[in-house]
Amino acid sequence: MGRKERREREVKRENYATKHSAAKKKETLIAIGVLAIIAVIVGYAGYLFLNMTETAPGGPENAGALGSEHSHAAILVKIFGDTFEFSGPAFQIKSSWIHFEGRDGSTIHKHATGVDLGYLFETLAIGLDDQCYIFPDGKQFCSNEDYELKFFINGEQVPDIREYEIVEDDRVLIVYGAETPEEIEAYLLQLDNQVLVK
């Protein structure tokens, strides 16, 4: 191999290294730019959400402005004695007005006046009326001659909870099954012992 060939190979290597280095710098700058734009958008959206005082589109009918109230209530749902959990991602922050958050499935957070429990269950895609509790996958638990759907607010049985607006420290129990009064009392005690996540 002659001197000329060696020099040509060195020049090719230098050109390749220069091009490769320039391409890497360009890709890095593009990635940094894209991440910066995303960070600005997310930050601005978060700022708007936290400072929103007007009624935003998509909210419940007759709801007050976001931030017009901030209440917390404990909820416990028992289906044939099993606790239904709202801590999964499918049930977290489905509405700005009323929701579960922070991977907690036992504390309802309400952020506006005029927002009832019926709206909460709508946002979770859970069908609820005075006779049936219907899971998002279509499984239905309806009152019949063997089993009954019951609702309790602060220890008192009520016929329906859909139009109820929670206030601070409320306790909401939904039960489906054939529980004895003693079992209901045990559920109510369990609910009273739940810690509200504020």
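With which residue does Arg 162 form a salt bridge? The partner is Asp 160, and the closest N and O atoms of the two residues are 2.5 Å apart; a salt bridge is here a side-chain nitrogen of Lys or Arg within 4 Å of a carboxyl oxygen of Asp or Glu. The structure is a predicted model, in which local features need pLDDT of at least 70 and side-chain atom pairs count only at pLDDT 80 or more, whereas totals for chains, interfaces and linings use all residues. Residues are numbered from 1 along each chain as its sequence is written, and side-chain values use heavy atoms, with hydrogens and water left out.

Six salt bridges are found in a search of the whole structure. In the pair described above, Arg 162 is partly exposed, with a relative accessible area of 29%, and Asp 160 is likewise partly exposed, at 26%. Helices (H or I, at least four residues) and strands (E, at least two) are DSSP runs, numbered from the N terminus. Glu 168 is partly exposed, with a relative accessible area of 32%, while Lys 198 is exposed, with a value of 60%.

Lys 110 forms a salt bridge with Glu 165, the closest N and O atoms being 3.4 Å apart. Lys 110 counts as buried, at 1% relative accessibility, whereas Glu 165 is partly exposed, with a relative accessible area of 33%. Both residues belong to a network of salt bridges that also includes Glu 69.

His 111 is found in the loop between strand 4 (107-110) and helix 2. Its relative accessible area is 17%, and His 111 is therefore buried. The side chain of His 111 is joined to that of His 99 by a polar contact of 3.4 Å. A polar contact is a pair of N or O atoms within 3.5 Å; within protein, one must be able to donate a hydrogen and the other to accept it, and residues adjacent in sequence count only if both atoms are side-chain atoms. When residues up to four places away in sequence are not counted, His 111 touches several residues, including Glu 69, His 70, Trp 97 and Glu 101; contact means heavy atoms within 4.5 Å.

The largest nonpolar core has 33 residues. Such a core is a set of buried Ala, Val, Leu, Ile, Met, Phe, Trp, Tyr and Cys residues joined through side-chain atoms within 4.5 Å. The residues with the most contacts inside this core are Ile 75, Phe 86, Phe 121, Tyr 133, Ile 161 and Ile 174. At least two core residues are supplied by each of strand 1 (71-79), helix 2 (117-123), strand 8 (148-153) and strand 10 (170-177). Apart from its neighbours within four places in sequence, Ile 75 is in contact with residues that include Phe 86, Phe 121, Val 172 and Ile 174. A second, separate core of 10 residues includes Ile 184, Tyr 187, Leu 191 and Leu 196.

Strand 10 is mostly covered, eight of its eight residues being buried. In a regular strand the side chains alternate between the two faces of the sheet. Both faces of strand 10 are covered, with Asp 170, Val 172, Ile 174 and Tyr 176 buried on one side and Arg 171, Leu 173, Val 175 and Gly 177 buried on the other. Strand 10 pairs with strand 1 in the parallel sense over seven bridges, and Arg 171 is the bridge partner of Ala 74. Two strands pair if DSSP finds at least two bridges between them. Strand 8 and strand 10 pair in the antiparallel sense over six bridges, and Phe 152 stands opposite Leu 173.

The structure holds one disulfide, a disulfide being a pair of cysteine sulfur atoms within 2.5 Å. Cys 132 is joined to Cys 142, with an S to S distance of 1.9 Å.

Definitions and conventions: Buried means under 20% relative accessible area, exposed over 50%, partly exposed in between (1.4 Å probe, protein chains only).
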